[in-house]
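Please read it alongside the sequence and the coordinates.

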Amino acid sequence: MNINFENASFKDFENIPGYDMMQRADYYYEFLEYMKYKGRHHYRLQNNTGCGSVINVGEKSPRDYISFVTSDYLGFTQHPKVKQAAIEGIEKYGTGTAATPLIGGYYSFHQELEAKIASFFGRSRDESVVFTTGYTANSATLQILLQKEDIAIVDRAVHASVYEGCILTNRKTFPHNDLDALEIILKAAQRQYRTKLVVIDGVYSQDGDIAPIREIYSLVKQYNAYLMIDDVHGVGILGETGRGTIEDTGLLDYIDIISGTFSKTFGNLGGYIITHKTLANFIRFQSRQQIFSATAPPSSMGIIKALELIDEEPQWRERLWKNINYFKKELNGIGLDTGTTCSAIIPVKIGDPHITGDVGRLLIEQGIYTNPIIYPAVARKDARIRMSVLATHTKEHLDKTLNAFEGISKMFPITEKKRRVKK
Ligand code: PMP
């Protein structure tokens, strides 16, 4: 099989008929070399400093960049109080837990963390389960709850961890945010499957748009199904008091499973679910991740402080929103299409993957680090530059980036108007 490197995506190398693992890896190596030669490979760059609005990146010729590539939305990875709490965790307990939760790895700080994240959502400790990543919170939860007789009904744009969680069960996807399509699937699934679990994101990670939660909740109730919402990019940012996308719908107490991460707004590592008491208990003792994989390290005590800071220091959320609103308005002012985002994730939609790669490279050359996103993360003709705005970005950082985009928009057809003409 001959893959045309010019139009190939990383996904084309997942499986190649007749190629064993070594041949496939060799072929992929050639593809990466080609991408580097073309200047289209901006992935896995080395960060030498840590999270922040300005970071030092690179191995051979490191330099400082304005960064839009992390989800450290409130800047808590560098907050002195959060760091101090993490250090205290290490001083008290050591660096690791060296055991799985079921057999020796469940420490008092895990208990405290479970209680804290549950009470953050107005729930009791026995209604939360903590995991080592957000990815496993999703995949492990779905894997243990849904079996061969069940079905997961998922929005097409949900995170990869949800797809992985559905490997052992039946899965149907519905077009993004399409309520009519969801209803058709729910209706058909009614008698065919035992448990019907609808899975959506609160904020979608590539477009930054939000789910119509109220409408989906009513459909789920009408058809006797359950609802799981991954609100990784909403919690700490959206909602009157930062409780996420669900807060303003008034449904926080009614969603069957809320899942989230500690690796974004809370500046650490880990994941969690908030769910019914008996489901939480079941997952705690039955999920493979809880049985066979070690617990989060004592530096997770930083999360407990970060959760408190959401209420104690609302100024970070306010700064973030000031930045989001300014940046989005100015990008649109240049004529760029930021789609339907309502969050800190700002895409600049370009469409063509090659142009998107070139724009990413030109931004890098000007000291601005963004993520060019192409297929399979988004549809083939829906490539974009994806940026996460942070509370710690200054107006100067945003203005420098806006100037760069303005300059690039004179060289490439990336404004809405020019893209329309190109079509
Ligand atoms: N869900 C969504 C929507 C995400 O964007 C991510 C992270 N990219 C995850 C889950 C996984 O979270 P974590 O990084 O904590 O594994």
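## Basis of the description

A residue is called buried if 20 or more other C-beta atoms lie within 10 Å of its own, exposed if 12 or fewer do, and partly exposed in between, with C-beta atoms placed from the backbone. The structure is a predicted model, in which local features need pLDDT of at least 70 and side-chain atom pairs count only at pLDDT 80 or more, while totals for chains, interfaces and linings use all residues. Residues are numbered from 1 along each chain as its sequence is written.

## Overall architecture

The chain contains 14 helices and 13 strands; helices (H or I, at least four residues) and strands (E, at least two) are DSSP runs, numbered from the N terminus. Its radius of gyration is 22 Å, close to the 22 Å that the globule rule gives for 423 residues, so the chain is as compact as a globular protein of that length. The radius is taken over C-alpha atoms, and the rule is 2.2 Å times the number of residues to the power 0.38. The C-alpha trace spans about 60 × 50 × 45 Å along its principal axes.

Of the 423 residues, 46% count as buried. Among contacts between residues at least 6 apart in sequence, 68% join residues at least 24 apart; two residues are in contact if their C-beta atoms, placed from the backbone, lie within 7 Å.

## Annotation and domains

An unreviewed UniProt entry carries the annotation "domain: Aminotransferase class I/classII large" for residues 64–404. UniProt positions are given in the numbering used here, feature names are shortened, and annotations may be inferred rather than shown by experiment. The span 64–404 is 41% helix and 17% strand, and its end C-alpha atoms lie 16 Å apart.

The domain assignment gives domain 1 (38–67 + 315–422) and domain 2 (79–312); such bounds come from an automatic or database domain assignment. The centres of domain 1 and domain 2, taken over C-alpha atoms, are separated by 28 Å. The contact takes 15 residues from domain 1 and twelve residues from domain 2. On the side of domain 1 that touches domain 2, α11 (315–334) and β10 (345–351) are the elements that give two or more residues, and β10 provides the largest share, three residues. By class, this side of domain 1 has nine nonpolar, four polar and two charged residues. Here Ala, Val, Leu, Ile, Met, Phe, Trp, Tyr, Cys and Pro count as nonpolar, Asp, Glu, Lys and Arg as charged, and the others, Gly among them, as polar.

## Ligand shell

The ligand is surrounded by 14 residues, of which the closest are T133, G134, Y135, H159 and T261. A residue is near a molecule if its C-beta atom, placed from the backbone, lies within 6 Å of it. Helix α4 (residues 134–145) gives the most to this shell, with three residues. By class, the shell has two nonpolar, ten polar and two charged residues.

## Backbone features

Most residues other than glycine have a negative phi, and most peptide bonds are trans. R44, although not a glycine, has a positive phi of about 55°. R44 lies in the loop between α1 (21–37) and β1 (54–57) and counts as exposed, with 5 C-beta neighbours inside 10 Å. N177, likewise not a glycine, has a positive phi of about 60°. This residue is placed in the loop between β5 (170–174) and α6 (179–192), and N177 counts as buried because 20 C-beta neighbours lie inside 10 Å.

A cis peptide bond with omega of about 10° joins Y375 and P376. P376 belongs to the loop between β12 (371–373) and β13 (383–388).

## Individual positions

S388 lies in strand β13 and is buried, with 23 other C-beta atoms within 10 Å. Not counting residues up to four places away in sequence, S388 touches F68, V69, T70, S71, Y73, A344 and I345. S388 and A377, eleven residues apart in sequence, are 16 Å apart in space, C-alpha to C-alpha.

G335 is located in the loop between α11 and β10 and is partly exposed, with 15 other C-beta atoms within 10 Å. G335 and K417 are 82 residues apart in sequence and 7.2 Å apart in space, C-alpha to C-alpha. Leaving aside neighbours within four places in sequence, G335 is in contact with S409, T415, E416 and K417.
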